[in-house]
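Take a moment to turn the model around on your screen before reading on.

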Amino acid sequence: MTQPHRDLDVRPILKAGGEPFSVIMEAVAALAPGQSLRLLASFKPLPLFQVLGARGFQPAAREIGGGDWEVIFTPIAAAAEAAPAPAAAKPATGDDWPEPVAEDDCRELDPPEPMVRTLEAVERLAPGQTVAALLPREPVFLFEELEARGHRWRGAPLEDGGYRVVIRAGGGQGGAS
Amino acid sequence: MMGASLSRWTMSCFAAALVAFVAAQALMVAGYGYPAAPLRAPETLLVVHLVAIGWLSLLMMGALFQFVPVLVAKPLRDPALVLPAVLCVLCGLAFLLAGFLQMAGAIEPGLPVLAWGGGLLVCGFSLSIWLLAHTLWQARPLGLSARFVATGLASLAAAMALGLAFALALSGIVDLPFAVALDQRAVPFHATAGIAGWLTFTAIGVTYRLLPMFMLSPEGDRAISRAGWLLGSAALALVVVAAPAAAFAGAGERTVALIVLAAGLCGCAAVALYGIDLAWLYRKRKRRAVELNIRASAGAFAALLLALLLLLALAATGGLAEHAGALVYLVAFGWLSGLGLSQLYKIVPFLTWLECYGPVMGRKPTPRVQDLVVERRDTGWFVLYFLGVYAGTAALLAGWPELFRLAAAATLAATLALVVEFVLARRLANVAAASRLPEGTRLPRLFIAGQRQG
């Protein structure tokens with residue numbers, strides 16, 4: 001860890017009632033190889049541990065007073081080794097996630113059809129491939145099932161109230177944990 | 001971002017709740033309690049608490065243990081406390097009912113069973129409030145549904161505290177003059193906190209999520225919904241905190257009545273806003289033909305609206321004290337129980353489907369959730385149920401106890417038929433045998449959800 005942390009303070013966004021997820025993801029995408037992210041938030045951002053954990057970051061969190069938290073996300077070596085392509089090749093994502101092979105809009109399907117369709121698409125993937133799905137809301141039961149099957153995912157709410165998730169097929173063992 | 005797993009004890013809560021609901025209606029058919037006995041007679045209190053705690057509260061707890069983690073996308077905190085909470089509520093209810101039997105002179109247990117019941121219920125409900133509130137707390141700022149649930153939990157705490165005070169007073173642990181004063185002035189506050197606060201608010205919160213989900217309507221924090229929540233919360237704060245505080249601080253009847261009037265106006269406005277919101281959600285739905293759980297819920301929403309009109313009519317004509325029983329019956333059986341049965345009709349098959357077919361989803365063809373029930377066969381049971389409730393309310397208003405028993409028999413028959421349907425759904429009995437259990441699946445157990453083996 002020769003490089004300085006990249007700092008990101010999302011407390012102003014949270015105080016204004018905003019959703020800092022996309023800003024954090026942009027900051028993560030812009031990290032140099034091996035660089036870590038120092039995040040300041042007004043709560044302990046547990047969900048991020050999972051998201052960034054799935055992308056090969058190790059969180060170290062401490063409370064810094066006033067209910068605020070500092071979390072340093074450090075890339076772990078295993079993730080760097082697993083990356084088949086250098087980060088510079090894909091500035092939009094900056095990691096080992098290839099472009100989705102398809103994007104399925106499931107927002108107007110009755111539950112649980114979005115979950116069925118998405119899992120069908122995931123089952124067609126070769127290990128390492130990704131697929132995107134637009135869902136009516138944050139798919140908590142889908143996440144549970146993806147975790148049980150050893151796939152990784154990234155997701156973010158859409159502006160119109162839906163949710164976009166990109167799923168990366170695992171090699172048949174635990175991925176996002 | 002976190003996954004939500006199936007709540008292990010939710011089906012057990014639903015099963016216990018349905019047993020209590022059937023038992024309460026059987027007592028009503030037998031003519032036990034109101035209207036044959038006075039509204040505050042121990043026999044009536046037994047039936048009321050069997051419905052409010054045994055049926056509605058356990059139903060709501062079971063639903064919330066599953067629903068709150070989905071609502072806030074965070075796992076339930078301290079899930080190991082769920083079973084002790086449910087067992088405490090069940091044992092507490094048993095002691096409480098024994099206490100009412102003791103008051104009625106039917107049994108002589110030689111123990112302050114009412115106080116024991118109150119204590120155990122406080123333990124069970126406090127544990128439930130703790131783990132649900134703790135789960136919600138991590139997800140601040142709360143969305144609309146979660147805010148309604150949070151207010152509901154606060155009201156449960158208030159109803160529980162007043163209930164414990166009654167139980168201690170009636171057991172003679174607190175001195176008698178205080179007990180009499182408490183009983184006469186605070187019972188309406190206890191009932192309002194329980195029925196309007198805990199049960200109604202939580203039910204509204206749940207519908208704000210379930211209805212958009214199953215009708216494919218837009219979700220989100222609309223100003224009108226937020227205003228409804230604020231007005232309703234204000235009404236509850238007035239009636240559950242301000243009015244009892246004023247009463248015990250020695251304020252005159254007139255002051256307390258003014259506080260209650262203000263609360264009533266806020267509450268009525270909140271229900272009206274909720275009604276407008278429901279109509280908006282229905283109009284904006286993308287799914288044209290809605291399923292039976294939504295169609296049946298319309299009977300419950302109609303009951304809520306009728307209850308609001310009845311409350312206003314009774315308040316205007318001064319008949320509220322005389323007809324409070326009919327009003328509470330319409331709210332508890334039409335709105336809360338009707339909504340509960342309607343949503344169970346979707347929730348039980350949905351959770352069963354997820355439990356059974358989740359592991360093979362996307363890998364093998366599976367039946368649809370709709371295949372677990374036979375809507376055509378069950379529409380009639382919901383019609384019978386709601387007709388029974390409306391007839392029962394009319395019978396209570398008109399003072400015809402025999403017609404009321406007949407109406408209770410109709411709702412009991414409909415409930416029993418729906419219980420059979422829930423069991424059939426849980427056993428996948430309506431799914432064609434050939435597609436029932438693809439390789440890699442197993443039949444869910446009736447009362448306990450299986451846990452995923454990662």
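What percentage of the 177 residues of chain A count as buried? The value is 46%. Keep in mind that this is a predicted model, so everything here is computed from it.

**Chain A in outline**

Chain A is built from six helices and eight strands. If you walk along from the N terminus, the elements come in the order β-α-α-β-α-β-β-α-β-α-β-α-β-β. Now take the contacts in chain A with a separation of 6 or more: 65% of them are between residues 24 or more positions apart.

**Two helix pairs in chain B**

Over in chain B, let's start with helix α1 (residues 10–29) and helix α12 (residues 401–426). Their axes come within 8 Å and cross at roughly 155 degrees. An angle over 145 degrees counts as roughly antiparallel, so α1(B) is roughly antiparallel to α12(B). The crossing of α1(B) past α12(B) is left-handed. On the α1(B) side, the residues making the contact include B:M11, B:L18, B:F21 and B:V22, while α12(B) brings, among others, B:F404, B:R405, B:A408 and B:L412. Sorted by class, this contact has 14 nonpolar, three polar and two charged residues.

Next up are helix α2 (residues 42–72) and helix α3 (residues 82–103) of chain B, whose axes come within 9 Å and cross at roughly 175 degrees. That angle makes α2(B) roughly antiparallel to α3(B). Among the residues that meet here are B:L45, B:L46, B:H49 and B:F65 from α2(B), and B:V82, B:V89, B:L93 and B:F100 from α3(B). What classes do the residues of this contact fall into? There are 19 nonpolar, two polar and no charged ones.

**Rings that pair up**

| Pair | Centre to centre | Angle between planes | Kind |
|---|---|---|---|
| A:F143 and A:Y163 | 6.2 Å | 65 degrees | edge-to-face |
| B:F148 and B:Y208 | 5.4 Å | 40 degrees | tilted |

In chain A, A:F143 sits in helix α6 (residues 140–149) and A:Y163 in strand β8 (residues 163–168), so their pairing ties together parts that are 20 residues apart in sequence. Are these two buried or exposed? A:F143 counts as buried at 0% relative accessibility, and A:Y163 counts as buried at 2%.

In chain B, B:F148 belongs to helix α5 (residues 144–170) and B:Y208 to helix α6 (residues 176–215), so this pair ties together parts that are 60 residues apart in sequence. B:F148 is buried, with a relative accessible area of 3%, and B:Y208 is buried too, at 8%.

There's also an aromatic cluster to look for, formed by B:F21, B:W55, B:Y329, B:F333, B:Y385, B:F386, B:Y390 and B:F404.

**A glycine to finish**

Back in helix α6 of chain B, have a look at B:G205. With 0% relative accessibility, B:G205 counts as buried. Which residues is B:G205 in contact with, leaving aside its neighbours within four places in sequence? They are B:S145 and B:F148. B:S145 is 60 residues away from B:G205 along the chain, but their C-alpha atoms are separated by 4.2 Å.

Conventions: Residues numbered from 1 in each chain as written. Chains lettered and ligands numbered in written order. Predicted model: local features only at pLDDT ≥ 70, side-chain atom pairs only at ≥ 80, totals over all residues. Heavy atoms only, no water. Axes fitted to C-alpha atoms, helices over the stretch in contact; angles between N-to-C directions. Helix = DSSP H or I, 4+ residues; strand = E, 2+ residues; numbered from the N terminus. Parallel < 35°, antiparallel > 145°, perpendicular 65-115°, else oblique. Left-handed = near helix turned anticlockwise from the far one by under 90°. Contact = heavy atoms within 4.5 Å. Nonpolar A, V, L, I, M, F, W, Y, C, P; charged D, E, K, R; others polar. Phe/Tyr/Trp six-rings, centres within 6.5 Å; stacked < 30°, edge-to-face > 60°. Buried < 20%, exposed > 50% of the residue type's maximum accessible area, 1.4 Å probe, protein only.
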